[in-house]
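This report describes a single protein chain. Please consult the sequence and the coordinates alongside the text.

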Amino acid sequence: MNGDGSEQEEGGCQEPDVIARGNILESFAESQEIRGLINSLKGVYGDLGTQEVTTEKFIVIMDKYQEQPHLLDSHLEWMMHLLLDIVRDKRSPSPLVHLAFKFLYIITKVRGYKIFLRLFPHEVADLQPVLDMFADQNPKDYETWETRYMLLLWLSMTCLIPFDLARLDGNILSEEGCTRMPIMDRILNVAKSYLVVSDKARDAAAVLVSRFIIRPDVKQKRMADFLDWALSTLSKSSFQTMEGTIVMDGMLQALAQLFKHGKRDDCLPYASTVLECLDNCKLSESNQTLLRKLGVKLVQRLGLTFLKPKVAKWRYQRGCRSLAANLQFSAQVPVAQNLVIAADDEEEYDIPGEVENVIEQLLIGLKDKDTIVRWSAAKGIGRITGRLPKELADDVVGSLLDCFSFQETDNSWHGGCLALAELGRRGLLLPSRITDVVPVILKALTYDEKRGACSVGSNVRDAACYVCWAFARAYDPLELKPFVNQISSALVIAAVFDRDINCRRAASAAFQENVGRQGTFPHGIDIVTAADYFAVGNRVNCFLNISVYIASFPEYTQSMIDHLVNMKINHWDGVIRELSTKALHNLTPQVPEYMTNVVLPRLLPLAVGTDLHTRHGAILAYYITKIILNIFSTAPDGWQWLINDSLRSLPLVSSTARQQIKVHSWVTLCNYIFLGELLQQYISELQNTEEMVRCGFSLALGALPRFLLKGKLQQVLEGLKKVICISRKDVSFAESRRDGLKATAKVCQTVGVKRNGPQDEFVCKDNVVQIYTMLLNGMSDYTTDSRGDVGACCKQIMCCVAQQSAEKIDRFRAHAGSVFLTLLNFDNPPIPHIPHREELERIFPRSEAVTLNWNAPSQAFPRITQLLGLPTYQYYVLLGLTVSVGGLTETTVRYSAQSLFDYMKKIQNDLGAMNNFCETLLQVFEDNLLNDRVSVPLLKMLDQMLANGCFDIFTAEENHPFSLKLLTLCKEEIKKSKDIQKLRSSIAVFCGMIQFQGDMRKKVLFQLFLLLCHPFPVIRKTTASQAYEMLITYSDIVDPDILDEVMTVLSDTNWDAELPLVREKRNYLCDLMKVPKPQLVSKVECGVFAIEFS
């Protein structure tokens, strides 16, 4: 259950579906293979490689049965015996024993320890050997925790032997005359020691405690002492530290298991003390989810200890459980069912005062921030209420309903729903309370609270569906009959119109359960068939198709329409608003009178409200319904005011909402109502000081129909040109420039092209240069803010140049490649003056223009890198490739780098081509010096190129100009830089440049030694590490006599130490390798030392 509700769904209306796989396995088909793997352990344990392969095979096979573990049941015994034979064999070395226990743990993980536990041998003869094995265990060995975990489970089974443990001690005096520890104390010490470890053995130790302490002989002698130790340890521990958290976890697990499995009479004397200690721990204030859950679990177990174990005689018992009878019931005259509500002949006894404290803590647990805590509290409420008298149980229900106050959070609503479902499922929610509960559940089914730019509540709606599912199984149809229409309509609405796929499927399942169990839902079978688990998985299908079918049944039509108007057209998600209005459009033919007389008058005030989401949805609803055209003629001036006011209100909404609000949805209304001389007003608003106002009116101009642009095209273009142009005062207005470019493209599409037409009416020869200049200016816009490359949106309009076709963002590259090929292959008329047209047509055959997938790096980069051989495109393609090769996305980096290396390999023996390429590379570096968007990826790309031998043709020549210029640019790039990523990348480049011959090596070593004393310790450590690897790769750069000494200094020095100590080691390296020592000159403001040559 996910309460976030803010998950983004790719592709607009598309949403990630849950893959449903049926249980298709019929038997444990790999039993012989598993037998072979277990039998092979003795032969493979010595070889780590073979051992790892065997273990992985075993894990893969066993994991297949995670969802159907019962298929292993008939095979568990022989698997355990084979593995325990290895463990019991005294000749088995320790690694083999650990491997056998690891295999046992893998089986336990799949089947569950409760089932597997029963199969352990538990004869008297097994107890001593199992205890002796603990002597060989090291609790701090984190590689063998599976052994300790399984031994503790085994011991928890063997300790149940039906004999007094004292009889097994015999003569506790050893041969040396020393007293041996009794077995009882040995087991208890083992349990105590492993309750405080940090691995999973802690869980098994809690199981051991719960089984060992409740033995008749142990509880008399050791139970009180153990509880004193556990409570004392718990009180001394703090959840503020990791060690304290681990200790508290172990104690709480042990106590919860003990009070679960122990007899009430044995545990009752200690329950009050434990509850008091638990109150003092204040676990509700802990940030550790697991501790809070264990606290709630222990509290409910204490509550059950205080109350006598009995089934409440007053509980509701449904008489008829036959599905066939329920289905027949819907077609017959209702007949009273055989309901059993027992008389109030309860045994009177005093309820301990501690129970009130327990219930209060469980009610608080229902409001916890984590689902697992709320779920545990809900189960505790159900269990304890079942032991209370009728009047007190009713008080619990009343307190539970307080969780659904409008002042409570979504966590409280979710926990309350879970608790109601538990009470209903157990028959503890009497029919007299249904009238109070149903309205609350109906609200929970549509619970959706706005939080910032998203909302929460999907977990509440999911839990409300669970309540409806539980009620269907718990109550007789006669009890729920008064609420059938309300519940059925609410479930249908949730199944069809909920944003979250899990909620739709939960509602569908609850509806289906009610149809089967109650048999009273109108048209239940028909709806279940249409809105099954798989059908409701597609949200668009739900809104636009299934809803229409269900609305054809009059019992559901009006409630569905009302829900869309009240809850969905004002939804925070723009996709939901648009789908809701389309759904309203589809539902209009069902009840046209209701839409005209009721719905449309309700939309009018919503369209002029202050909330922009509501405005957007209301206007869309008007626009998309069939009868809207009859409304426009009544008040065009009012609608025009609404459009203008809405466009000016864009700055009032959050940045996320701005992206979702489709401004064109209301400016498209201009096709019907744009009257008067308003064009000039819209153009003047393009210079508004608010960026979002510029965005709104730019898109408004882009949506104007052709008849309004006739004779005004040049005026509109001039206005948009001012929006697109970057000036000092609005340099950060990247979104308005993006929308200005979009509007320019839309205006050009609207007016069309006519070569010799008037420039005020068509795109023609007189204004085409102006338009292309506006669009191409967007190519240089790399404006960034906290969200990243915002100006990159502008490139969507005109990204047909090669640079964009080689860049890292898939959708931009795809759009750029598409436009690039469109321009190349345009025939009506062919576009003249395209450089290297013949080579381009060879690289991009016309027959492959449609099939080439620019989104796939594996297809795009091998083609686009071929443009590096064309002088006109080389600089731009290399600039684009730089960002891709030095990027972060794995597939983009892999294919772009490989394509670049393939090109470099092809020209490796062509000195002229290599010189041209390297000159271009240096030019790209120089032009983008200190421009981190390009320079940081470029350093990463250079590192890869040097490592792949792309410049081998130059490495044989001493002091090659390329290497000298590259070193100069790298030094300039990192000068006074505090960017860790950039500095690390430069270190890798310096180490790669060591392969160049001549004085370059001394200069590179000087730079590396300079960085060995960088103010940032992480840079010093990185430099030392990479320099060490460099010396391993290029050992010829150091005299063999001093190589070991240099590498020892690099590896053994603590480069995190104070700078004076580090500098002493660095200078020693300089002396060894005869490199000038950097001299400290002065300290500059930024905290970086200025260095000069010695």
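## The loop at Gln590

Gln590 counts as partly exposed, at 32% relative accessibility. The residue lies in the loop that runs between helix H30 (574-587) and helix H31 (592-607). This structure is a predicted model.

Leaving aside neighbours within four places in sequence, Gln590 is in contact with Val548, Ala551, Ser552 and Thr557. For one of these, Ser552, the separation from Gln590 is 38 residues in sequence and 6.8 Å in space, C-alpha to C-alpha.

## Confidence of the model

The protein chain has a mean pLDDT of 81, and 84% of its residues reach 70 or more. Confidence is highest in helix H25 (residues 484-497), at a mean of 95, and lowest in strand E8 (residues 1089-1092), at 40.

Over residues 650-676 pLDDT stays under 50, and the model has 68 contacts beyond four places in sequence for them. Over residues 1083-1094 pLDDT likewise stays under 50, with 26 contacts beyond four places in sequence.

In soluble globular proteins, nonpolar side chains tend to be buried together. The largest nonpolar core of this model holds 204 residues, of which Ile34, Phe120, Ile187 and Phe212 touch the most other members. Helix H5 (residues 94-111) gives the most to this core, contributing 11 residues. Domain 1 (323-537) and domain 2 (554-635) both supply residues to the core, so it lies between them.

With residues up to four places away in sequence left out of the count, Phe212 touches Cys159, Leu165, Met184, Ile187, Leu188 and Val218. Apart from this core lies another, of 92 residues, among them Leu840, Ala860, Trp1055 and Ala1057.

## Packing of helix H22

Which residues of helix H22 (residues 434-444) are buried? They are Ile434, Val437, Val438, Val440, Ile441, Leu442 and Ala444. The buried residues of H22 pack against helix H20 (390-401), helix H21 (410-425), helix H23 (458-474), helix H24 (477-480) and H25.

## Aromatic pairs and charges over rings

The count of aromatic pairs comes to 23. One of them joins Tyr105 and Tyr149 in an edge-to-face arrangement, with 5.5 Å centre to centre and 90° between the planes. This pair links distant parts of the chain, with Tyr105 in helix H5 and Tyr149 in helix H8 (residues 145-158), 44 residues apart. Tyr105 has a relative accessible area of 13% and is therefore buried, the cut-off being under 20%. Tyr149 is likewise counted as buried, at 5% relative accessibility. The rings of Phe954 and Phe962 have centres 5.9 Å apart and planes at 45°, so this pair is tilted. Phe954 is buried, with a relative accessible area of 1%, and Phe962 is buried at 4%. These residues belong to one aromatic cluster, formed by Phe951, Phe954, Phe962 and Phe996.

Charged side chains also sit over aromatic rings. Arg35 lies over the face of Trp78, at 4.1 Å from the ring centre. Arg505 lies over the face of Tyr533, also at 4.1 Å from the ring centre.

## Serines in two loops

Is Ser286 buried or exposed? Ser286 has a relative accessible area of 2%, so this residue is buried. Its position is in the loop between helix H15 (264-281) and helix H16 (289-306). Neighbours within four places in sequence aside, Ser286 is in contact with Phe239, Leu291 and Arg292.

Ser977 is found in the loop between helix H53 (961-974) and helix H54 (980-992). With a relative accessible area of 11%, Ser977 is buried.

How values were computed. Residues are numbered from 1 along each chain as its sequence is written. This is a predicted model: local features need pLDDT of at least 70, side-chain atom pairs count only at pLDDT 80 or more; totals for chains, interfaces and linings use all residues. Side-chain values use heavy atoms; hydrogens and water are left out. pLDDT is the predictor's confidence in each residue, from 0 to 100. Helices (H or I, at least four residues) and strands (E, at least two) are DSSP runs, numbered from the N terminus. Contact means heavy atoms within 4.5 Å. A nonpolar core is a set of buried Ala, Val, Leu, Ile, Met, Phe, Trp, Tyr and Cys residues joined through side-chain atoms within 4.5 Å. Buried means under 20% relative accessible area, exposed over 50%, partly exposed in between (1.4 Å probe, protein chains only). Domain bounds come from an automatic or database domain assignment. Rings of Phe, Tyr and Trp (its six-membered ring) pair if their centres lie within 6.5 Å; planes under 30 degrees apart count as stacked, over 60 as edge-to-face and the rest as tilted. A charge sits over a ring if NZ of Lys or CZ of Arg is within 6 Å of the ring centre and within 35 degrees of the ring normal.
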